[in-house]
Amino acid sequence: LIGACGIDFLLPQEMSQFLKSLNIGKTGSAFIIERSGTLVSTSTAEPIVENTSDDSERLLANQSSNSTIRATADFLEQRFDGFDQIQVAQRLAFDIDGARQFVQVVPFQDRYGLDWLIVIVLPEADYLGQIQSNIRDTLLLCVLALVAALILSVLTARWITGPLLSLNQSAQAIADGEWNQTVNIKRSDELGKLANSFNQMAHQLQTAFLELQTLTQNLAENETRLQAFLESLPISISILDATGHPYYANQRRLQMMGEAIDPTVSSDHLAEVYHLYRAGTNQLYPNDQLPIIQALSGKHTQVDDIEIHQNGQTISIEVWGTPIFDEQGKVAYAIATFQDITERKQAEKLLADYNCTLEQQVAERTAALRQSEAKFRTIFDNSQVGIYRVRLSDGLLLDANQRHANLFGFDSPEEIIGLEHVIGYYADPSDHQHLIELLKRDREVRSFEAQMRKRDGTLFW
């Protein structure tokens, strides 16, 4: 042997330089260990060789001075019960002092006998940091945009609400009865058009109010006149409400019966209280067969076999019972009209004359009497003002008079009654919705204006 030549290459040091050059997030680490857990190389600056007095030994990963490497090694060893059990690449996650860490471990083997584990550790905060920063920037931009939007909204609102407040004050004044209202808004936009429309509406309201005053006065006179007609009729009239209690009786009825109206009397004791007997007998008339009781059940009846025994007198009467129905078809009132049969012919002529006069007066009644519709139907049918009744839930037209039918281009009320889509006759469907909301909220609308569409498409106000 002449001699020996040897070359040493410090592999861990060169590999550490390479691992340090890798960009593993901001604070990520990489290290290589053997199956025994001995460190081969790391991306950190720590030495992997421990010097003793006799020899130098490489450190175990779980003895590293780097807390991340040490914690990761402990985690892998506990998770797989030793490094020898890691045979395939693994992606795992664990916590170090509450901080989430992501781990990837890859086995490495070659034909020269190397059997290593390559481990990369990346803190969750490394890749969430930019996201969180972006979130902060986004929130800041949102706040700035919100402030700018608020400022712009306030300025815009002032520009818009100024004229609207003026319109509202004028509208409120009109609602309080001050009809001479106009607004002075000189703008070419929608608010300017609205102001012009408002001024036109105010003028029309002034005209309509004067007409309404005249109409109201006429209605009051007609109501008084109608009451006078009922009192002057030579027949007796008695009305019960739906519960069977007295509602109205004219003076003729009081004179004939000799009894004032007792509001406490129920419908079960009418024959007994008012001395109603079957003709030619001393037997009380069966209460359930009285025409007014029959009317409460919805029947039209007429009998001439009733006598009134009062103060020693016997009066034979002929009685008609008539039910009055509400819009739901339920009996709202029962009317009984009766007269002394001995003066039948004279009473029939007088009744015909008065009915003729009554019909002429009823034709002048308007929508203000629609609550009396069931009792005074003739007024409804002959009114020169369009009157209709509609179901709010679905817009079904329940009833209408001749004038209302003519307004919409129909020849008779029968053609329009039962139409389901009343909203289709509004030029602007939102007007219909606005009217419904007013009715539901205020129960009564005294003045409402809308443009309508006739049957042939012609528009009118």
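Begin by selecting the six strands that form an open sheet, which in order are β9-β8-β13-β12-β11-β10, with antiparallel pairing; strands here are DSSP runs of E of at least two residues, and helices are runs of H or I of at least four, numbered from the N terminus, while two strands pair if DSSP finds at least two bridges between them. Its edge strands are β9 (246-249) and β10 (276-278), each of which pairs on one side only, and the twist averages 35° from one strand to the next, axes being lines fitted to C-alpha atoms (for helices over the stretch in contact) and angles running from 0 to 180 degrees between N-to-C directions.

Before going further, note that this is a predicted model in which local features need pLDDT of at least 70 and side-chain atom pairs count only at pLDDT 80 or more, whereas totals for chains, interfaces and linings use all residues. Residues are numbered from 1 along each chain as its sequence is written, and side-chain values use heavy atoms, with hydrogens and water left out.

Colour next by pLDDT, the predictor's confidence in each residue from 0 to 100: the protein averages 79, and 81% of the residues score at least 70. Confidence is lowest in helix α8 (residues 344-362), with a mean of 66, and highest in strand β17 (residues 459-460), at 92.

Return to the sheet and select β12 (residues 313-325) with β13 (residues 331-340), an antiparallel pair held over nine bridges, where P323 stands opposite A334 in β13.

Now select S238, L276, I292, A336 and F338, which, of the 20 residues that line the largest cavity, are the closest to its centre. Elements giving two or more residues to this lining are β8 (236-241), β9, α5 (251-257), α7 (291-296), β12 and β13.

Finally, select the five strands of the other open sheet, in the order β2-β1-β7-β6-β5, again with antiparallel pairing. At its edges stand β2 (39-42) and β5 (90-96), each with a single partner strand, so one side of each is left without a neighbour in the sheet; the twist averages 25° from one strand to the next. Strand β1 (residues 29-34) is joined to β2 by three bridges in the antiparallel sense, and I33 has L39 in β2 as its bridge partner.

Note on methods. 1 Å grid on protein atoms, 1.4 Å probe; cavity = no way out; pocket = protein on both sides within 12 Å on 5 of 7 lines; lining within 4 Å.
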